Amino acid sequence: MPAPIRLRELIRTIRTARTQAEEREMIQKECAAIRSSFREEDNTYRCRNVAKLLYMHMLGYPAHFGQLECLKLIASQKFTDKRIGYLGAMLLLDERQDVHLLMTNCIKNDLNHSTQYVQGLALCTLGCMGSSEMCRDLAGEVEKLLKTSNSYLRKKAALCAVHVIRKVPELMEMFLPATKNLLNEKNHGVLHTSVVLLTEMCERSPDMLAHFRKLVPQLVRILKNLIMSGYSPEHDVSGISDPFLQVRILRLLRILGRNDDDSSEAMNDILAQVATNTETSKNVGNAILYETVLTIMDIKSESGLRVLAINILGRFLLNNDKNIRYVALTSLLKTVQTDHNAVQRHRSTIVDCLKDLDVSIKRRAMELSFALVNGNNVRGMMKELLYFLDSCEPEFKADCASGIFLAAEKYAPSKRWHIDTIMRVLTTAGSYVRDDAVPNLIQLITNSVEMHAYTVQRLYKAILGDYSQQPLVQVASWCIGEYGDLLVSGQCEEEEPIQVTEDEVLDILESVLISNMSASVTRGYALTAIMKLSTRFTCTVNRIKKVVSIYGSSIDVELQQRAVEYNALFKKYDHMRPALLERMPVMEKVTTNGPAEIVQTNGETETAVLETKPPPSGLQPANQANDLLDLLGGSDITPVIPTAPTREPPSAGGELLDLLGDLNLTGIPSITAYNKNGLKIDFTFERSNTNPSVTVITIQASNSTELDMTDFVFQAAVPKTFQLQLLSPSSSVIPAFNSGTITQVIKVLNPQKQQLRMRIKLTYNHKGSAMQDLAEVNNFPPQSWQ
């Protein structure tokens, strides 16, 4: 049989293919020749054939039939065969295939081989794809090589030990004696891998963390030597000595100094030196500075050092590199809660980032700008954010409008400013605001008695000839209906009054009714406003009657029903009309431990609006409370303001406010809603005796990992046919090793007895990283919703 072609020739041949089909034909032909050679047990060219097979695997073609040939090459005595065999094993095998267990004995023999390069191949392969069984069998050999004096083997053994610990955490203590002298090594490769090993051990075991805290002075000394050492060509990168090792040491110091005063005190000086002496003109220096900032912010550092770290991030914002600016904004967003004043110093630079062309930088700058708003700067910040809202892309408008609403409600210097700001948002981005924007603004206007004339005049001018912003038109229609007499009388003192006749006001409302841009809800607002004006205007009552009667035959059922009822008021109950359509009273907003309730009640309407408050930890940004609102096609709670004049039954949402009656333990089986990465969420169910439509779900969150999960936030969303109330959790920290749980109560109102579906969002910090996950729960037991 002729000798097979070499790998180089195969590559050259494949590259000449002009089409995918031609390439596939070449590959299939060569694979057939390789299979024939394998069947004939051709030892001479096995290495060459496996190498070609690996190249085909890299191109995406199946190469699984070469797995056993890799094992045969590993068993060979020739180094060239072993090298290709181990490479093939790392590419073609993994722990899910039983075939990999056949390598265990070969790897064990090669770990004890007399040649360091063969030992290195075995360590690389074990560290790359060793299963838990292989790690248990070979951990002893790895531990021996970790103690050897050969630096080439020690660095590979350290990385292999990291893999062993990840696969079999209980073997961690085996490597503890070998770590004692690792940091005394002069070789940078051994130092680097040793720090990686220590970091892995500290992250996985609190006991190891406490044990290695005594190494902080030694790590500080190594880092100081790196900073102060002169030029070293083998370790120098852009004028900085071994930045990779510096970054690894800084990460380890961050873990060791977290929640420990003594360790933090020992590393304060060196962190200040790194922050002030590192060159920032190259990206290498910026990487070290960023890691330094993360370490300073995570340990118990001095206040001056924290200010220095935030100033570094401020300098990053001026960098031409978009990635560095994005990193700086993300880091400042994490620290703004703890070091608000220091971040405020860079407010102007942050606001300038709103004009950046990169959408990712814009979004981070917007989130950070909202986090910086307070009572002192609210006017200036809102001016900038309103300008941003006016010019930003559509995907930003919803979040920006929501953030402006929340900030204005919290920090408004006056009611007039508050109303002007909300109206500006509705004028600029009315189509993007949340569903509750209209009722919230109506409540604000109603409570600002002295601003009624000013507000109705501003709204009247805002919608003249432009009905594109539906929420703005709805608020304007409501206000004109309530305060139309003030508009016509020209009683506005805040600005120059306008001269408007009753017919001109009715012309606007009729235009809203017939406009193609008006939604059904908007037409309902306009028709009700016209009806209200029958008690506020004196000269146009007959015209109002005519308009109302026309819509008694509307094809819109909702509009038709309203018109028919209004006609009945004119004909049969005209004596009651002034009382039914009198001005709305002030709405009271009552805040409780659970929801905040806004209730307005008189002869015309009765409604309840529920708002779920965020957890008491205060760690999540204000605008994150609504992240889940549209996951299932709409918000959990859809606030409405009925505008029909007839008295409607109390809102079903009000039933959620009185769920503290006796609960009926119905023996509903519990379920596991989420179980991933050591976090487990269980749901238990109870039914209310006072209201069978209410299901009370108690969540229990447990943590089976070695470290606590902090800043835990649970959010949930249900379809619009349900109403959901999320009470405050018992804590924001889930203890490790299942030593405790967090409990939180969810109350779900299901008046239509539909099958319950829920989308949940989990956010928490674990091992120094922010974790976030979404899940859908569809396996609710029938007893919980039927």
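**Figure 1. Arg136 in helix H8 of the predicted model.** Arg136 sits in helix H8, which covers residues 132-146; helices (H or I, at least four residues) and strands (E, at least two) are DSSP runs, numbered from the N terminus. Residues are numbered from 1 along each chain as its sequence is written. This is a predicted model in which local features need pLDDT of at least 70 and side-chain atom pairs count only at pLDDT 80 or more, while totals for chains, interfaces and linings use all residues, and side-chain values use heavy atoms, with hydrogens and water left out. With a relative accessible area of 45%, Arg136 is partly exposed (buried means under 20% relative accessible area, exposed over 50%, partly exposed in between, with a 1.4 Å probe and protein chains only). Apart from neighbours within four places in sequence, Arg136 is in contact with Val168, Glu170 and Leu171, where contact means heavy atoms within 4.5 Å. A distance of 9.0 Å separates the C-alpha atoms of Arg136 and Lys167, which are 31 residues apart along the chain.

**Figure 2. Buried face of helix H6.** In helix H6 (residues 104-111), the buried residues are Thr104, Ile107, Asp110 and Leu111. Viewed down the axis of H6, these residues fall within an arc of 130 degrees, so they line one face of the helix; the arc is that of the directions from the helix axis to the C-beta atoms. Their cover includes helix H4 (67-75), H5, helix H7 (116-129) and H8.

Figure 3. Ala89 belongs to helix H5 and is buried, at 0% relative accessibility. Not counting residues up to four places away in sequence, Ala89 touches Cys70, Ile74, Met103, Thr125 and Met129. Together with Met58 and Leu91, Leu87 makes a nonpolar surface patch of about 290 Å². Patches are made of residues with over 30% relative accessible area and no salt bridge: like charges are joined within 9 Å, nonpolar side chains (Val, Leu, Ile, Met, Phe, Trp, Tyr) within 5 Å. Accessible areas come from the Shrake-Rupley method with a 1.4 Å probe, and for residues only the protein chains shown count as cover.

**Figure 4. Nonpolar cores.** The largest nonpolar core has 176 residues, of which Ile249, Met382 and Ile404 touch the most other members; such a core is a set of buried Ala, Val, Leu, Ile, Met, Phe, Trp, Tyr and Cys residues joined through side-chain atoms within 4.5 Å. Helix H26 (residues 470-489) supplies the largest share of this core, ten residues. A second, separate core of 32 residues includes Ile742, Ile746, Leu756 and Ala775. Leaving aside neighbours within four places in sequence, the contacts of Ile404 are Phe370, Met382, Leu385, Leu386, Leu389, Thr421 and Val425.

Figure 5. The structure holds 34 salt bridges, each defined as a side-chain nitrogen of Lys or Arg within 4 Å of a carboxyl oxygen of Asp or Glu. Arg306 pairs with Asp339, with the closest N and O atoms 3.1 Å apart. Glu367 forms a salt bridge with Arg364, the closest N and O atoms being 2.9 Å apart; the two are three residues apart in helix H20 (residues 359-372), about one helical turn. Asp503 forms a salt bridge with Arg543 at 3.0 Å between the closest N and O atoms. This pair links distant parts of the chain, with Asp503 in helix H27 (residues 502-514) and Arg543 in helix H29 (residues 541-550), 40 residues apart.

**Figure 6. Two loop residues with positive phi.** Asn738, a residue other than glycine, has a positive phi near 55 degrees and is placed in the loop between strand S11 (723-726) and strand S12 (741-749). Its relative accessible area of 47% makes Asn738 partly exposed. Lys753, also not a glycine, has a positive phi of about 55 degrees. Lys753 is in the loop between S12 and strand S13 (758-766) and is partly exposed, at 33%.
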